[in-house]
Amino acid sequence: LPAYEKKYNIKIELESYSVDESKNYASLVFIEKKLGKTLNKLPVIFVGDDIIGGKEDIKKQLPLLLEKYVKLGGCGKIDILTGEIKNVEIAQKLKLLPVVFAGVLDSINPCAFATLIFLITYLSMVMKKGRYEVMLSGLVFIIAVFLTYFLIGFGFFNVLKKLEKIYVFSKTMYFMVGCFTLFLSYWYFCDFLSIKKSGTIEKVNTALPIPIRWKIYDVITKFTTFKYILPAVFVIGVIITVLELFCTGQIYLPTIVYLVGLPEYRIKATFYLLLYCIIFVLPLIVIFLVFWYGIATDKIEGFFRKKILLIKLFTAIFLFLLGMLIFKITFFT
């Protein structure tokens with residue numbers, strides 16, 4: 001900037017704001033909307049009524065804009081209305097709700113906690129492990145599930161973020177994931193109608209396939225025979241989390257695609273994924289505490305089975321709304 005000031009014999013006043021702070025990001029979104037150009041690459045620079053986004057574009061276009069405003073006699077500071085920014089901040093917070101709601105629905109999916117119940121039962125009744133050993137095994141299993149689920153999501157998020165730079169690919173991806181999410185919504189609604197009609201959950205479309213279920217039980221029975229049980233349980237948690245992605249990923253992966261489509265979330269993606277994964281393992285922690293206080297685990301399993309009808313209905317509704325949000329990103333950003 002000093003070189004440009006000298007070249008054009010002007011005074012440049014620069015005000016910089018970190019978008020890591022939500023209020024500054026809200027200001028950025030508001031100014032972009034006000035000037036009619038949104039979703040710019042970071043960093044973003046405003047000169048008068050013009051916007052430049054991305055380091056390379058700033059290097060190329062800034063001299064041209066300075067020449068333009070030198071001829072116009074300069075430009076004033078951009079006026080930011082506090083009330084408008086507050087509205088934008090509220091809107092950004094509301095966009096977080098689908099992530100939280102997705103984490104809740106994903107966490108109460110029977111696929112997510114049935115394995116822990118089986119593991120606890122197998123260790124205590126078949127392997128005759130002591131209460132404290134089962135307690136430590138449960139904790140290690142939950143930690144393994146949390147770390148694996150987070151790393152899968154974080155890796156998937158970063159791959160999609162890089163691929164999104166290819167415009168045609170990103171739009172095609174959003175469209176296909178939107179269609180897939182709506183199909184899942186239809187699938188869950190069919191499950192809701194099937195359970196309501198038959199009163200059983202034996203024949204549902206969205207359940208974990210029987211071959212994968214048997215594979216999970218096989219992994220548990222094999223690895224729990226190892227001499228060092230805690231490392232074995234950690235490996236069990238990692239393998240089972242991957243195997244159960246067929247079931248749990250039905251909500252997790254569309255939610256990650258939704259996050260990728262919201263530029264304001266890219267800055268704090270790690271936090272939102274951590275929040276999702278914490279919510280996801282909460283029922284596992286509850287089941288673990290139920291075992292610790294001596295309550296039969298089949299009672300909590302029975303509770304969730306009784307609520308399965310509502311879970312399927314709410315999941316169908318949520319996936320439909322999430323699909324619509326993904327389509328909105330596809331066609332209107």
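Student: Is Cys179 buried, exposed or partly exposed?

Tutor: This is a predicted model. In it, Cys179 counts as partly exposed, because its relative accessibility is 33%.

Student: And what about Cys190?

Tutor: Cys190 is partly exposed too, with a relative accessible area of 22%. The cut-off for buried is under 20%.

Student: OK, helices now. At what angle do H7 and H10 cross?

Tutor: Roughly 40 degrees. H7 covers residues 131-163 and H10 covers residues 229-243. Their axes come within 8 Å.

Student: What do we call that arrangement of H7 and H10?

Tutor: Oblique. Angles under 35 degrees count as roughly parallel, so H7 and H10 are oblique to each other.

Student: Is the crossing of H7 and H10 left-handed or right-handed?

Tutor: Right-handed.

Student: Which residues of H7 and H10 meet?

Tutor: On the H7 side, they include Glu133, Leu136, Val140, Phe141 and Ile152. On the H10 side, Ile229, Val233, Phe234, Gly237 and Val242 are among them.

Student: What classes of residue make up the contact of H7 with H10?

Tutor: There are 17 nonpolar, four polar and one charged residues.

Student: How does H7 pack with H11?

Tutor: At an angle of about 40 degrees, with the axes 10 Å apart. H11 is residues 245-260. That angle makes H7 oblique to H11. H7 passes H11 in a right-handed crossing.

Student: Which residues make the contact of H7 and H11?

Tutor: From H7, they include Tyr149, Phe150, Phe156, Phe157 and Lys161. From H11, Leu245, Tyr252, Ile256 and Val260 are among them. By class, the contact of H7 with H11 has 13 nonpolar, three polar and one charged residues.

Student: Which hand is the crossing of H5 and H13?

Tutor: Right-handed.

Student: And which residues in H5 and H13 meet?

Tutor: H5 brings Val99, Val100, Ala102, Gly103, Val104, Asp106 and Ser107. H13 brings Tyr272, Leu275, Tyr276, Ile279, Phe280 and Pro283.

Student: How do the residues of the contact of H5 with H13 divide?

Tutor: Into ten nonpolar, two polar and one charged.

Conventions
Residues are numbered from 1 along each chain as its sequence is written. This is a predicted model: local features need pLDDT of at least 70, side-chain atom pairs count only at pLDDT 80 or more; totals for chains, interfaces and linings use all residues. Side-chain values use heavy atoms; hydrogens and water are left out. Axes are lines fitted to C-alpha atoms, for helices over the stretch in contact, and angles run from 0 to 180 degrees between N-to-C directions. Helices (H or I, at least four residues) and strands (E, at least two) are DSSP runs, numbered from the N terminus. Angles under 35 degrees count as roughly parallel, over 145 as roughly antiparallel, 65 to 115 as roughly perpendicular and the rest as oblique. A crossing is left-handed if the near helix is turned anticlockwise from the far one by less than a right angle, and right-handed if clockwise. Contact means heavy atoms within 4.5 Å. Ala, Val, Leu, Ile, Met, Phe, Trp, Tyr, Cys and Pro count as nonpolar, Asp, Glu, Lys and Arg as charged, and the others, Gly among them, as polar. Buried means under 20% relative accessible area, exposed over 50%, partly exposed in between (1.4 Å probe, protein chains only).
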